Amino acid sequence: MRQLMQPAPEDLNHASPHASLAVDSAPRLSTRPGFEENYYDQFVPELLASYAAVGGLNNRDALNLPSTRAVGQICQGLLQLMFPGFHDDDAVHHGTLAELTRERIAAVGIQLEDQVRKSVRIGDPKKPTGRTPPILRQFFHSLGEVRELLRTDIEAAYEGDPAALFSEEIILSYPFIEAITTQRLAHILYAAGAPIIPRMMTEWAHGRTGIDIHPGAKIGSHFFIDHGTGVVIGETCTIGSHVKLYHGVTLGARSFAKDEVGHIVKGGKRHPNVEDNVTIYPNSTILGGETVIGANSTIGANVFLMHSVPPDSLVVYEEKQLVIRDKAARKTEAAPDWII
């Protein structure tokens with residue numbers, strides 16, 4: 001891998017290359033009644049006063065922040081590295097794979113280096129240097145390991161979903177693959193100490209898939225989320241191997257510790273552990289840092305849990321007051337008095 005060098009700090013006063021374009025293309029005279037030339041200039045002082053009063057973003061006194069657009073591009077590039085040929089318009093031939101991989105790693109590395117370097121300076125007035133290269137070395141050394149885990153996730157989806165006919169179908173069309181790929185990559189950065197960027201990555205995937213997995217969550221092999229929409233997995237979750245979740249499952253926090261002045265205490269174990277070979281059916285909610293779902297257990301749909309269950313448990317709500325009637329027979333009965 002190329003040597004990662006410390007760039008010079010950004011010149012925050014440097015004009016945007018698009019500044020002249022914006023000026024040239026701006027309308028000089030409004031033809032709309034009641035809107036004279038430079039009509040909107042009157043609102044600028046109020047907004048500038050707001051920046052001064054409550055703080056602004058990327059103003060002259062701040063360092064550039066990471067870019068959500070750039071992080072999204074990085075995620076796209078990483079998907080191409082993880083699944084060459086599946087996120088491309090054209091086929092990737094074996095003879096060109098090595099050169100293409102070199103080009104893509106370099107492109108993603110340069111972008112990620114820039115974003116991580118910006119992130120490590122946030123909130124630290126000393127503007128720390130030297131943290132970015134070891135973070136990126138750890139990340140890129142782990143790409144092969146992440147691909148091996150993803151292989152097991154695809155196997156779990158194929159074995160766990162009778163509708164899945166080919167592994168290619170899973171990679172191309174199952175939203176959970178995009179979500180878990182992004183989370184596993186973001187988790188490497190999270191563990192290496194990169195601030196903000198891992199969360200931006202998983203929120204990018206969350207926006208695309210409806211699956212919200214915090215980069216801090218530790219997830220074992222052969223993981224599968226069927227359907228996926230609405231799944232939430234918290235930062236301090238630990239999930240074993242061969243775990244299957246359905247849509248709407250929440251692995252969340254029960255409550256938050258507060259200090260003497262009522263502020264939430266950051267950190268600490270807040271989310272449950274799920275041991276090996278557990279299946280959790282749709283819309284179940286499991287809360288609490290001390291909650292453990294024992295191995296080989298099944299949690300039925302719509303279950304709400306805030307305490308542990310032992311291994312080999314079946315947890316369900318039994319039906320109550322469920323009535324099924326013959327619609328034809330009811331025609332002879334009096335019409336119901338509906339109240340809405």
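Let's start with a cysteine. C75 has a relative accessible area of 2%, so C75 counts as buried. C237 comes out at 1%, and that makes C237 buried too. One caution before I go on. This is a predicted model.

Now the core. The largest nonpolar core has 65 residues. Five residues have the most contacts inside this core: F176, F223, I233, L245 and L251. Which elements give two or more residues to it? The helices are α3 (68-82), α4 (94-119), α5 (132-141), α6 (143-160), α7 (167-173), α8 (175-192) and α9 (197-209). The strand is β3 (224-226). The top contributor is α8, with 8 residues.

Take I233 as an example. Leave aside neighbours within four places in sequence. What does I233 touch then? I233 is in contact with D212, I213, H214, A217, F223, I239, L245 and L251. F223, L245 and L251 are also among the residues with the most contacts inside the core.

Next, helix α5. Look at T132, P133, I135, L136, F139 and F140. Buried or exposed? In α5, these residues are buried. They span an arc of only 160° around the axis, so they sit on the same side of α5. What covers them? The cover includes α3, α4, α6 and α8.

Back to α8. H187 is found in this helix. A polar atom of the H187 side chain lies 2.7 Å from the backbone oxygen of P215. Again, set aside neighbours within four places in sequence. H187 is then in contact with P215, G216, A217 and K218.

On to charges. Side chains of opposite charge can pair when their charged atoms come close. How many salt bridges are there? The count comes to 9. I'll walk through some of them.

First stop, helix α4. E99 and R102 meet in a salt bridge through their side chains, at 2.9 Å from N to O. Both lie in α4, 3 residues apart, about one turn of the helix. How open are they? E99 has a relative accessible area of 41%, so E99 is partly exposed. R102 reaches 51%, and therefore counts as exposed.

Stay in α4. D114 forms a salt bridge with K118. The closest N and O atoms are 3.4 Å apart. This pair also lies within α4, 4 residues apart, about one turn of the helix. D114 is at 31% relative accessibility, so D114 counts as partly exposed. K118 is at 13%, so K118 counts as buried.

Now a pair between two helices. The side chains of R184 and D153 form a salt bridge, 2.9 Å from N to O. What does this pair tie together? R184 lies in α8 and D153 in α6, so the pair links parts that are 31 residues apart in sequence. Are these two residues buried or exposed? R184 is buried, and D153 is buried as well.

Last topic: backbone angles. Look at N277. N277 is not a glycine, yet its phi is positive, at about 60°. Where is N277? In the loop between β8 (273-274) and β9 (279-280). Its relative accessibility is 38%, so N277 counts as partly exposed.

Then there is N296. Here phi is near 65°, a positive value in a residue other than glycine. N296 is found in the loop between β11 (292-293) and β12 (298-299). At 40% relative accessibility, N296 counts as partly exposed.

To recap. The largest nonpolar core has 65 residues, and α8 gives the most to this core. α8 also holds H187, and R184 of α8 pairs with D153 of α6. Thanks, everyone.

Definitions and conventions
Residues are numbered from 1 along each chain as its sequence is written. This is a predicted model: local features need pLDDT of at least 70, side-chain atom pairs count only at pLDDT 80 or more; totals for chains, interfaces and linings use all residues. Side-chain values use heavy atoms; hydrogens and water are left out. A nonpolar core is a set of buried Ala, Val, Leu, Ile, Met, Phe, Trp, Tyr and Cys residues joined through side-chain atoms within 4.5 Å. Buried means under 20% relative accessible area, exposed over 50%, partly exposed in between (1.4 Å probe, protein chains only). Contact means heavy atoms within 4.5 Å. A polar contact is a pair of N or O atoms within 3.5 Å; within protein, one must be able to donate a hydrogen and the other to accept it, and residues adjacent in sequence count only if both atoms are side-chain atoms. A salt bridge is a side-chain nitrogen of Lys or Arg within 4 Å of a carboxyl oxygen of Asp or Glu. The arc is that of the directions from the helix axis to the C-beta atoms.
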